[in-house]
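Please look over the sequence and the model first, then read the points below.

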Amino acid sequence: MEANSRSTSGSPKDTDRRIGRRALLVGGAVTAVGTAVLARDELGRLWWRVPGVERPREDGEVDYRGARWVAASDANWRRADRPEDYSIDMVIVHVTQGSFEGAVRAFQDPGHQAAAHYVVGQDGRITQMIRELDVAYHAGNRAYNERSVGIEHAGFVDRPQDFTDAMYAASARLTAGICARYGIPVDRKHIIGHVEVPGTDHTDPGPHWDWDRYLELVRRAKTALPSESPSGSPSGSSSGSPSASPSDGTGRSADSSSV
Ligand SMILES: [Zn+2]
């Protein structure tokens with residue numbers, strides 16, 4: 001009886017189902033949906049999750065609505081497709097040890113070998129220089145670069161007056177948006193200073209950066225966010241996305257540079 005039932009359960013059908021299922025396993029969101037039939041528009045929205053297919057990019061596009069775009073030299077970052085290839089679970093706070101303009105210039109310089117995604121000024125202005133999709137060389141640690149978004153703040157670590165109200169507020173709104181986009185918890189495990197990156201010899205943002213104040217501002221800004229995601233970014237696509245294999249085969253060493 002048992003043997004009989006085994007032999008009658010048709011194997012061609014099973015094979016079909018396996019192939020169908022495999023074809024659907026192209027991304028985290030699809031996996032979460034499971035083997036259920038996907039609506040046509042959903043497949044349309046997720047076409048770029050197919051391996052080898054990149055999401056469309058437009059020149060000058062920013063991930064944060066309040067940012068102005070100035071491209072960093074492509075020597076200072078690595079093209080990626082986050083959060084599909086690497087999940088993003090961290091924001092790293094930096095201080096430039098120089099002016100806003102000096103940081104923007106340095107990140108445009110291919111010889112600098114390092115850059116952050118964003119630079120925040122003392123007047124609250126924000127320039128985005130590298131897309132969040134891509135891996136910026138800012139932490140001096142390859143794994144941390146791959147999992148984080150880096151934010152520079154104009155000023156010096158030993159000058160508390162450089163960290164203005166406008167800077168804290170603008171940076172907190174930026175970080176709140178990043179946390180919302182990738183499902184990053186607002187806490188000191190996930191929002192860290194460059195000084196906390198393993199292996200770094202950098203001390204930024206230094207002892208005058210007010211973490212309690214900053215995290216409170218991020219929390220408040222996140223609560224105030226509209227439910228829609230800022231332009232240019234996939235909405236809430238990352239929370240269930242699996243972390244991809246860390247090897248990308250490029251073997252670049254510039255990841256060890258930092259800012
Ligand atoms: Zn730094």
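The model is a predicted one. The chain has 259 residues, of which 39% count as buried. Eight helices and eight strands are found in the chain.

**Contacts across the chain**

- Among contacts between residues at least 6 apart in sequence, 76% join residues at least 24 apart.

**The largest nonpolar core**

- The largest nonpolar core holds 56 residues, and those touching the most other members are V91, A115, V119, V120 and V218.
- At least two residues of this core come from each of β3 (90-95), α5 (100-108), β4 (118-120), β6 (135-136), β7 (148-153), α7 and α8.
- The most is given by α7, which supplies 10 residues to this core.
- Apart from neighbours within four places in sequence, V91 is in contact with S148, V149, I151, T175, I178, I184, H190 and I191.

**The pair α7 and α8**

- Helix α7 spans residues 165-182 and helix α8 spans residues 211-224; their axes come within 8 Å and cross at roughly 60°.
- The two helices α7 and α8 are therefore oblique to each other.
- The crossing in which α7 passes α8 is right-handed.
- On the α7 side the contact is made by Y168, A169, A172, R173, T175, A176, C179 and A180, and on the α8 side by R213, Y214, L217, V218, A221 and K222.
- By type, the residues of this contact between α7 and α8 are 10 nonpolar, one polar and three charged.
- V218 of α8 takes part in this helix contact and is also among the core residues that touch the most other members.
- T175 of α7 likewise belongs to the helix contact, and T175 is one of the residues in contact with V91.

**Cis peptide bonds**

- Most residues other than glycine have a negative phi, and most peptide bonds are trans.
- R82 and P83 are joined by a cis peptide bond with omega of about 0°.
- P83 lies in the loop between β2 (77-78) and β3.
- D204 and P205 are also joined by a cis peptide bond, here with omega of about 10°.
- P205 sits in the loop between β8 (191-193) and α8.
- P205 counts as buried because 25 C-beta neighbours lie inside 10 Å.
- Not counting residues up to four places away in sequence, P205 touches V93, H94, V95, H153, V157 and G193.

**Positive phi angles**

- Q97 is not a glycine, yet Q97 has a positive phi of about 55°.
- The loop between β3 and α5 is the place of Q97.
- Q97 is partly exposed, since 18 other C-beta atoms lie within 10 Å.
- Q113, also a residue other than glycine, has a positive phi near 60°.
- Q113 is in the loop between α5 and β4.
- With 18 C-beta neighbours inside 10 Å, Q113 is counted as partly exposed.

Conventions. Residues are numbered from 1 along each chain as its sequence is written. This is a predicted model: local features need pLDDT of at least 70, side-chain atom pairs count only at pLDDT 80 or more; totals for chains, interfaces and linings use all residues. Axes are lines fitted to C-alpha atoms, for helices over the stretch in contact, and angles run from 0 to 180 degrees between N-to-C directions. Helices (H or I, at least four residues) and strands (E, at least two) are DSSP runs, numbered from the N terminus. Angles under 35 degrees count as roughly parallel, over 145 as roughly antiparallel, 65 to 115 as roughly perpendicular and the rest as oblique. A crossing is left-handed if the near helix is turned anticlockwise from the far one by less than a right angle, and right-handed if clockwise. Two residues are in contact if their C-beta atoms, placed from the backbone, lie within 7 Å. Ala, Val, Leu, Ile, Met, Phe, Trp, Tyr, Cys and Pro count as nonpolar, Asp, Glu, Lys and Arg as charged, and the others, Gly among them, as polar. A nonpolar core is a set of buried Ala, Val, Leu, Ile, Met, Phe, Trp, Tyr and Cys residues joined through C-beta atoms within 7 Å. A residue is buried if 20 or more other C-beta atoms lie within 10 Å of its own, exposed if 12 or fewer, and partly exposed in between; C-beta atoms are placed from the backbone.
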